[in-house]
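Biologist: Can you put the model up and go through it with me?
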Protein chains: 2
Amino acid sequence: MCKPLPLENNLLHDNPQQNHLDVTHIKSSCATCSLRELCLPVGLNNQEIQILGDVVSHKRKVRRGDYLHQSGLKFQSLFAIRSGFLKTCVLEEDGRQQVTGFHMTGELLGLDAISSEIHTCDAIALEDSEVCEIPFTKLEEISIIIPSLMRHFHKIMSREIVRDHSVMLLLGSMKAEERLASFLLNLSRRFSMRGYSESDFNLRMTREEIGSYLGLKLETVSRAFSKLQDENIITVDNKHIQINDINRLRIKMGNSSCIT
Amino acid sequence: MCKPLPLENNLLHDNPQQNHLDVTHIKSSCATCSLRELCLPVGLNNQEIQILGDVVSHKRKVRRGDYLHQSGLKFQSLFAIRSGFLKTCVLEEDGRQQVTGFHMTGELLGLDAISSEIHTCDAIALEDSEVCEIPFTKLEEISIIIPSLMRHFHKIMSREIVRDHSVMLLLGSMKAEERLASFLLNLSRRFSMRGYSESDFNLRMTREEIGSYLGLKLETVSRAFSKLQDENIITVDNKHIQINDINRLRIKMGNSSCIT
DNA sequence: TATTAACTTTGATTCAGATCAATCAGAGTA
DNA sequence: TACTCTGATTGATCTGAATCAAAGTTAATA
């Protein structure tokens with residue numbers, strides 16, 4: 001545990017090249033553990049790490065199926081995922097629901113709640129997970145003391161906006177199979193960044209949840225899986241996915257016939 | 001000109017109640033003009049206004065059809081819209097395009113570019129517009145001096161994330177007519193917040209651009225307009241829209257028969 | 001003002017994905 | 001071991017939106 005993984009949506013990376021600081025001097029308590037992920041490559045000195053450590057101290061476990069936070073509740077803290085896998089979803093009064101994201105180690109949850117100080121979506125663990133709670137007021141306070149942290153935080157928020165835009169592109173202009181290909185490639189890349197196989201992984205979510213995220217019905221998701229398997233691009237065994245030909249999968253995503 | 005409008009996605013409003021500061025002492029140069037929108041209700045003192053004023057000094061005009069910024073170019077500044085109307089859109093190598101938003105007075109553009117310091121989308125004026133350029137590095141610098149400004153900036157970024165999530169909900173789970181209803185209600189509210197009629201306005205964008213934003217083809221958009229007109233909910237005369245029954249329009253948006 | 005180009009509407013047809021339905025597989029649980 | 005429940009697959013059918021096509025309208029420009 002506590003290995004310094006390369007992560008994509010965390011407070012950790014400004015850019016990948018800055019990834020080599022020696023932090024072996026940090027005691028490996030669990031709080032500090034996530035701290036390493038949070039502050040590592042921002043280039044903090046010991047004193048700054050100490051300051052940040054006082055903020056990011058509270059750890060929390062979320063069992064599979066439980067809420068990390070719920071829409072409508074007061075916002076206090078951001079959550080940095082230490083381990084596990086969660087989904088976020090918004091839902092309307094009329095019961096309409098939309099999965100807005102799947103989140104894994106190193107990613108930061110709760111950004112949407114900053115504006116109104118009330119959570120606007122639910123975060124639910126898809127497997128037993130661990131998060132570090134980061135009281136937001138305190139984070140803002142120390143941002144003033146540690147400008148590089150502030151800068152990094154801004155980048156994380158911005159990255160979330162970019163991600164959302166690419167989901168909008170997907171939902172607005174891709175066909176079912178293209179959406180699934182895009183989804184698998186995204187997961188693949190994120191697993192790979194964390195040191196796991198990019199071509200062999202287990203899905204944590206159901207077909208229905210994938211469908212919600214991709215704007216498709218579960219049957220359509222299932223059919224798209226089968227289609228990709230028939231073409232020998234992937235191998236599907238329930239939740240276990242193997243990517244046999246990642247290039248062809250990329251082509252599946254890209255070559256829209258409808259270049260409207 | 002330079003009237004202090006109530007705006008939704010700007011540096012101005014923390015919440016609507018804070019809207020009554022006397023800023024008549026500020027000289028009404030055009031830069032300061034946008035400044036009033038930018039800093040007003042964050043509760044800054046004169047000295048702080050001065051500091052901010054030095055940052056938000058450069059004004060820029062964008063003629064209809066011109067780019068404010070283009071995907072791929074280096075990011076330097078955020079842009080606060082002083083007047084006019086713009087669209088932002090992302091496009092893939094394969095020509096796929098997606099309008100990610102329509103933006104009006106008081107809104108802030110360029111947030112997506114903070115993460116990579118390169119613009120990830122195009123911003124194009126749909127009518128002659130004026131923006132204030134805000135060098136981002138400087139904004140971050142003065143955020144350290146003026147914490148309430150930083151806090152406000154975080155809320156703006158967060159609000160953009162919330163907005164994107166609601167577009168994802170729209171694209172992922174609404175039918176054509178519901179999407180259009182939702183779109184019109186959103187415009188209506190935003191015009192209304194700026195002191196314009198909520199029930200009578202002119203669209204700045206084409207059916208095709210609406211379609212791109214809503215994940216529909218232009219013909220479908222046109223048909224949805226006609227349908228709403230046939231039901232006497234709205235009156236459509238090309239780009240001129242009148243909402244005759246805003247409640248029924250709300251129902252159109254909400255009562256999905258497909259509560260899956 | 002005439003001419004052209006861009007945009008909008010409407011109709012006919014097609015098709016991708018939703019819906020309905022049945023079966024199957026796997027994970028718990030009694 | 002059987003039983004139940006949830007989730008996945010596959011087939012048949014239906015439907016909303018895309019596509020194709022043809023006018024009609026508006027705005028831009030000479």
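Modeller: We can start with the DNA and then turn to a pocket. This is a predicted model, where local features need pLDDT of at least 70, side-chain atom pairs count only at pLDDT 80 or more, and totals for chains, interfaces and linings use all residues. Residues are numbered from 1 along each chain as its sequence is written, chains are lettered from A and ligands numbered from 1 in the order in which they are written, and side-chain values use heavy atoms, with hydrogens and water left out.

Biologist: How many residues surround DNA strand D?

Modeller: There are 21, and the closest are A:Arg207, A:Ser226, B:Ala176, B:Lys217 and B:Thr220. A residue is near a strand if one of its heavy atoms lies within 4 Å of it.

Biologist: Which element gives the most to that surface?

Modeller: α7(A), with five residues. Helices here are DSSP runs (H or I, at least four residues).

Biologist: What do side chains reach on the DNA bases?

Modeller: A polar side-chain atom of A:Arg223 lies 2.9 Å from a base nitrogen of DNA strand D.

Biologist: New topic. What volume does the second largest pocket have?

Modeller: About 1,100 Å³. Of the 39 residues that line this pocket, the closest to its centre include B:Arg163 and B:Ser166.

Technical notes: Polar contact = N/O pair within 3.5 Å; in protein donor to acceptor, adjacent residues only side chain to side chain. Helix = DSSP H or I, 4+ residues; strand = E, 2+ residues; numbered from the N terminus. 1 Å grid on protein atoms, 1.4 Å probe; cavity = no way out; pocket = protein on both sides within 12 Å on 5 of 7 lines; lining within 4 Å. Points joined across faces, edges and corners; volume = space filled by probe spheres on them.
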